[in-house]
Amino acid sequence: MLVSLEGLPGSGKSTQARLLEERLRGEGFVVIYIPDLATLDIEDVGTALVEIFSSPDDPFLRHGDVVTECLLAAAVRADIVATRIDPVLDHHDVVIEDRGVHTMFSYGLASLIRQHAVEVDDAVCWLDGLGRLAGRRADVALWLSAPVGETIARAEARDGKRWTGEQRAYLTFVDLAYQELAARDAGMVRVSTAGQTPETVHEAVWEAVAAQLKRPARRTSVGAEPVRGG
């Protein structure tokens with residue numbers, strides 16, 4: 001089973017991934033954690049794609065053209081699936097990834113909403129097509145949700161630097177994009193982290209994952225179903 005942790009910077013993805021990995025191992029599952037791009041060890045093709053995709057000046061607003069950015073994000077995702085995720089799924093019960101395809105969707109949708117007069121349903125449909133081309137997506141996607149200001153404060157304290165007003169505004173659109181995705185995707189589980197301790201959030205995360213472990217794994221896609229509560 002593939003589990004992804006999604007959410008804004010500072011939402012607690014790495015912490016929850018660690019707690020979930022420990023819990024699964026304690027329950028006897030063979031589990032592996034795949035970190036996000038900042039620390040992920042990838043091969044030559046993936047490294048070249050990330051170098052084109054990334055920007056040293058702004059981690060959020062990388063390119064002037066949103067279509068190019070979405071296509072690059074899909075290419076990066078396809079490489080990660082092919083070289084890091086698919087090879088380990090055969091000999092692990094659970095693979096946990098820090099940021100999955102829904103992160104790609106949310107940042108792409110945020111840029112599309114800001115820069116183009118596009119209907120959200122049309123934009124989501126296009127992004128979903130890119131996601132299908134990029135390969136397998138999570139059987140359960142856990143969206144760690146909290147007010148934007150709260151997550152930004154956590155991330156700034158963690159990184160020791162203050163974000164610009166433009167970056168803060170952009171993350172507001174990313175949060176809106178997550179909400180739009182959750183309203184259309186029954187595979188997303190929204191877990192509120194607002195004012196919660198990591199241990200309390202973990203119990204909600206574990207409840208969602210444990211429920212999925214009790215039935216056959218399935219691949220999810222963006223559809224018309226409402227989001228399950230978390």
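**Strands, burial and pairing in a predicted model**

Mentor: This is a predicted model. Start at strand β1: L2, S4 and E6 point one way, V3 and L5 the other, and all are buried.

Trainee: What makes β1 mostly covered?

Mentor: The count. In β1 (residues 2–6), 5 of its 5 residues are buried. Buried means under 20% relative accessible area.

Trainee: Why is S145 called buried?

Mentor: Its relative accessibility is 7%. The cut-off for buried is under 20%. So S145 counts as buried. S145 lies in strand β4, residues 140–145.

Trainee: What makes the link between the side chains of S145 and R190 a polar contact?

Mentor: The distance is 3.3 Å. A polar contact needs a pair of N or O atoms within 3.5 Å, one able to donate a hydrogen and the other to accept it. The pair of S145 and R190 is therefore listed as a polar contact.

Trainee: Which residues does S145 touch, leaving aside those up to four places away in sequence?

Mentor: R190, V191, S192, T193 and A194. Touching here means heavy atoms within 4.5 Å.

Trainee: How do you know that β1 and β4 pair?

Mentor: Count the bridges. There are 4 between β1 and β4, in the parallel sense. Pairing takes at least two bridges, so β1 and β4 qualify. Take two positions: S4 stands opposite A141 in β4, and E6 stands opposite W143 in β4.

Trainee: Which strand of residues 94–98 pairs with β1, and over how many bridges?

Mentor: Strand β3, over 4 bridges, again parallel. L5 stands opposite D98 in β3.

Trainee: What is the strand order in the sheet?

Mentor: The order is β2-β3-β1-β4-β5. These 5 strands form an open sheet, and the pairing is parallel.

Trainee: Why are β2 and β5 called edge strands?

Mentor: Each pairs on one side only. β2 covers 31–34 and β5 covers 188–192. From one strand to the next, the twist averages 20°.

Trainee: Which strands does helix α7 touch?

Mentor: Helix α7 (residues 165–182) packs on the sheet and touches β1, β4 and β5. The direction of α7 makes about 140° with that of β4.

Technical notes:
Residues numbered from 1 in each chain as written. Predicted model: local features only at pLDDT ≥ 70, side-chain atom pairs only at ≥ 80, totals over all residues. Heavy atoms only, no water. Buried < 20%, exposed > 50% of the residue type's maximum accessible area, 1.4 Å probe, protein only. Axes fitted to C-alpha atoms, helices over the stretch in contact; angles between N-to-C directions.
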